[in-house]
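Please look at the sequence and the three-dimensional structure below, and keep both at hand while reading the report that follows.

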Amino acid sequence: PTPEPTPQPTPEPTPEPTPEPTPEPTPEPTPYILVHEGGVPARECGEYVKFERVEDEDACARKSREQGWPAFAFQEDWQNWQYSKGDGGVCYGVHLYVTQQYFDEYRLDQSDPTPACGNKQGDTCDKECEWGANRNYNTYVNNPASMG
């Protein structure tokens, strides 16, 4: 008689390698934040320069950063009777004193701040450095970390 074959043990399946966890991407710094709706800093706070028309706030922020302006004011033209919504807007570079601390604190506490002055900040500002009412414009500050 032929001997019965010896049963071979079934090999254990090789476990699939556990994929390495994908690290979370480091978030880009917030490039700018809105600091005042319906107004711009008074001229005593710093200089202004008018740029050509831009598509939106992002384009205004880019333009102001490229040219070294720490803040910007933007007006959507749909608020102006001459233009229709979607035509872009008017953009001004604004020279305000914006420290990383000012930016970070305001990003966490969005109460309406005193405008950051041209070369000073807080209680040492020129007494005339305050928000001027202009319902058509909103003022933003660029993140100093994004200025390059």
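## The disulfide and a buried threonine

The link of Cys 60 and Cys 91 is right-handed, with 85° about the S-S bond. The two partners come from distant parts of the chain, 31 residues apart, with Cys 60 in helix 1 (residues 57-66) and Cys 91 in strand 4 (residues 89-94). Helices (H or I, at least four residues) and strands (E, at least two) are DSSP runs, numbered from the N terminus. A disulfide is a covalent bond between the sulfur atoms of two cysteines; here the S to S distance is 1.9 Å, and a search of the whole structure, taking pairs of cysteine sulfur atoms within 2.5 Å, finds one disulfide.

This is a predicted model, in which local features need pLDDT of at least 70 and side-chain atom pairs count only at pLDDT 80 or more, while totals for chains, interfaces and linings use all residues. Residues are numbered from 1 along each chain as its sequence is written, and side-chain values use heavy atoms, leaving out hydrogens and water.

Buried means under 20% relative accessible area, exposed over 50%, and partly exposed in between (1.4 Å probe, protein chains only).

| Residue | Relative accessibility | Class |
|---|---|---|
| Cys 60 | 0% | buried |
| Cys 91 | 0% | buried |
| Thr 139 | 0% | buried |

Thr 139 lies in strand 5, which covers residues 131-142. Leaving aside residues up to four places away in sequence, Thr 139 touches several others, among them Ile 33, Val 35, Gly 39, Phe 72 and Trp 131, where contact means heavy atoms within 4.5 Å. The side chain of Thr 139 also reaches the backbone oxygen of Gly 39 at 2.7 Å.

How values were computed. A polar contact is a pair of N or O atoms within 3.5 Å; within protein, one must be able to donate a hydrogen and the other to accept it, and residues adjacent in sequence count only if both atoms are side-chain atoms.
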